[in-house]
Structures are given as structure tokens and as C-alpha cells.
Amino acid sequence: MTCDKCRAQLILSEERGPVPAAAQEHLGQCHACQEFVQDGERLRKEVRLLAETEQAPRELREKIQAMFEDRAVSRKRQWLVWAGAAAALVLLVLGVYGWYYTRRSPTPDRLAREFITDYQSYLPGKAEIVSNSPRDIEQWFQGRVDFPVRVPALPAAAPVEARVCEIGNRKAALVHYRRESDQALISFFVAIEPPAFDQARKSVRVSTSYEGVNAALWCHRGLVFSLVGAIDEASLNQMAQAVRQQSP
Amino acid sequence: MIPRPEMAVSAEKPSTNPGSLVREAVLVYLDDLFRFALRLTRNAGDADDLVQECVLRALEGQNRVVRNPRAWLFQTLYHAFVDHHRKQLLRGPYEEELSGESTQAGAAVNPLPAAMAAEDVRAAVESLPPQFRAVVWLSDAEGFLLREVAEILECPLGTVASRLARGRQELRQRLSAYDPQGRDSHDLR
């Protein structure tokens, strides 16, 4: 065994147990290693004493304190920035959701208003089928909309034309009637009932009026129906009642 | 057995704020860290910079689980030192010191003087090659166990023991050459 190995073994054995026999044998015969052991404790003591005399300068301690304080301030600022960004994101998400919900889930009143708007923008010649035969109109709608369309008989009014229109991003069937007494235009809309109406789980029946145009709206078996016309409310409701009575 | 400093800070106890734990540990061990930095750099200004770099790194790594904050801080400081002095460590004078000034383990050494001044001990320690200097300081001055020194320096336990034996031998040789009358018979630097 060499002196280096013996001394390394002696150092290891200070923490890890007995000195190996080979190292002990070398130590017994090697004067240099015996001196190394004898001087070891004194050397360690001198080095420890040196360490005890040295301290970090006050300026360094102050710099370190300042670093911690700066760090704490910047972390607080960073936290505030993140919190602000998170709050803005939450508001944005809520806003987008609210907008989407509003667009996708119209209320009965809003839907009735959209039917009135469509009625007000009526232009002659936009019709896709001109006929006064309910059967012809019903057949024409087959395959053009995803629901069956039944053209009801209105008291003192007859169908004249029909087309497919878009109401609130939904396809709707629209049948125009003319009242026999004054040739007033009456629109009859059929569309799929918005999910929000169904989720509300209460019967939907709305009468609304806007700029002299009245509308009656109701739901039945997953469809929403609306009668719209620039006629008096009582007459319109009477027609709506007649249509509802014809529903299967 | 070398008496070990008390561990005033323990990361094993639950803490809700890792930042405050690092802060507490750094302030408690600042003197120790500065001394180690001073031994490594041999220059007070560089030691100052090295400790600050160590603190910055400790703050960046404060969310990791640390069992021994004192050893972890020393390891962080040593990493910072190695990173800044990698080129000098890998080539140049340190290798020459190792091969040129290293004594034979079995060679005769003069007896240690009866009294030694702190300045001479400092000069002798700082004249050691850096690998030996770090091990001798961590073990003999700071009282770390060999396995802790191995973790701090990230080298095998056997290597630590071997370096410590060689380092003590070199230190002994330098100090035994000291003339108590006031003249150095051996150029410590």
C-alpha cells in the first residue's frame, strides 16, 4: 500500500468505521504517515481558527439584503402583472361566452323582433315559390329545411308565396299570406326551437309589437312558429289561435 | 471527529415561502459562504461578486427540495466559481501546480512550527491547488462530512478522501517551511 492510499483510507475511516488492516499495517511501518496523523489534528485546528477570524464585509451583507428586498418588490410587481393579466383574460372569456350565448341563445322576445325585422325588409319578388296552394308550398319546402312544414289555413287570408330565410343563423320557412279584406301582408315563420327555449322548460308564447308591426310567437314540438303582420293585435292573435288549433 | 456547525436552517420543516427560507439560509451562512468564496478566488472583490452570483442562483433555484441548505448553498457557490473560472481550471497554472509542487507522500517533512500566524495559515491554504484547497477548506474549516464535500464538489467519495490527504500533506509541507523568526524559508505563493 502507498502512503497516499493509506492516508486516504485513514481519512475515510474517520467517518466510515475501522481502519482497514492493510492501512493499519502500513501505518505501523511508515514514519511519514505516522507524522501525517500526528500533525493532522493540529493542522485542522489552525485552519478552523483561520475561518473563525474571517467574516463577510458589512457592505456585502447590505448588498445581499438589498437584493432580497429588490427581489421581493419585483416579485410583487410581477405577481400584480400576472394577476391583472389573468383577470383580463377571465373578463375576455366571460365576454366572449356572454356574446356567444346571446347570439346562440336568443330570447323569445328577441327572436320575435328578428321575425318583425325580416317582415319589415320584405321586398316583392324575393319569393322562391309563388302559389296559393298549401300543399304545393309544403312539398316545395321538403328537403329545403330540416323540419316538416305545414301551411295552415288562416281566417280570411290565403297563402301567396314562400321562401327559405335565415333568422338568427337558423334556416326558417317563411310563408306569406294576404288578408282578403285589405291585402295586408302576413308572414308565417317556422324554425327549429332554440335550445335555450327548451332548457327553460316552460311554455313559450309571446306577443310583441314594434313600429306598428305585431308578432305572435309560440313553440310546439321542438319548432318555433311566428305570425307577423302590420295588422291589429287582436286579429293577429285570433289568427295565431287558429293556427295553434290546427297543430297535430 | 471534527465538530460540525449547527444547522440553523432546515428545509425539511414545512415552509410556505421558499423565498424566505433561502433568504434566511443565506443570511445565516453568509460568513461561511464569503470565506469559501475568498478561499476559491483569493481576492476579496471577486469573492464579493461570487457570493452575490451564488445568492442570485439560489433565488432562481429556490423552489427545489433542499435537504441541507448549507451544503446546497456551498454547492451553488462552487458551481458559480467553476462556471466563471472553467477555462482557468481546465488548463494553465493549476495543472502546473499539481504536477510541479506536489510533494511525494512519503517524503520527509520538517516538523510544524510551535506557533503559526493566521496570515501564514491563510497564505499556505491559498497556495494549495484549487482542487485540494476546496476540499481542505470544506472539510477542515467548514466541518462538512466527506460525503457532503463529495456532494458539493460533485465528485466520488474516494476522490475527496484522496484529495484531502494530498491537500493536508501539501499544507503541512508549506507550513513546516515557515520560519517562526519572521522569514519564510519557502515561497508560499
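Start by colouring chain A by contact: among its contacts with a separation of 6 or more, 55% are between residues 24 or more positions apart. Keep in mind as you go that this is a predicted model. Chain A has 248 residues, and 27% of them count as buried. Switch to a cartoon view and you can pick out 8 helices and 7 strands in chain A.

Next stop: chain B. Select helix 2 (residues 30-41) and helix 3 (residues 44-60) of chain B; their axes come within 8 Å and cross at roughly 125°.

From helix 2 of chain B, pick B:L33, B:F34, B:A37, B:L38 and B:T41; they meet B:A44, B:D46, B:A47, B:L50, B:V51 and B:C54 of helix 3 of chain B. What kinds of residues make up this contact? They divide into 9 nonpolar, 1 polar and 1 charged.

In soluble globular proteins, nonpolar side chains tend to be buried together. The largest nonpolar core here has 62 residues, and B:L33, B:A37, B:V51, B:C54, B:L73, B:L77 and B:V136 have the most contacts inside it. Helix 4 (residues 69-84) of chain B gives the most to this core, with 8 residues.

Zoom in on B:L73. Leaving out residues up to four places away in sequence, B:L73 touches B:A25, B:V26, B:Y29, B:L33, B:C54 and B:A58. For the last stop, select A:A162, A:A173, A:F188 and A:L227, which are included in a second, separate core of 37 residues.

Conventions. Residues numbered from 1 in each chain as written. Chains lettered and ligands numbered in written order. Predicted model: local features only at pLDDT ≥ 70, side-chain atom pairs only at ≥ 80, totals over all residues. Axes fitted to C-alpha atoms, helices over the stretch in contact; angles between N-to-C directions. Helix = DSSP H or I, 4+ residues; strand = E, 2+ residues; numbered from the N terminus. Contact = placed C-beta atoms within 7 Å. Nonpolar A, V, L, I, M, F, W, Y, C, P; charged D, E, K, R; others polar. Buried ≥ 20, exposed ≤ 12 C-beta atoms within 10 Å, placed from the backbone. Core = buried A, V, L, I, M, F, W, Y, C linked by C-beta atoms within 7 Å.
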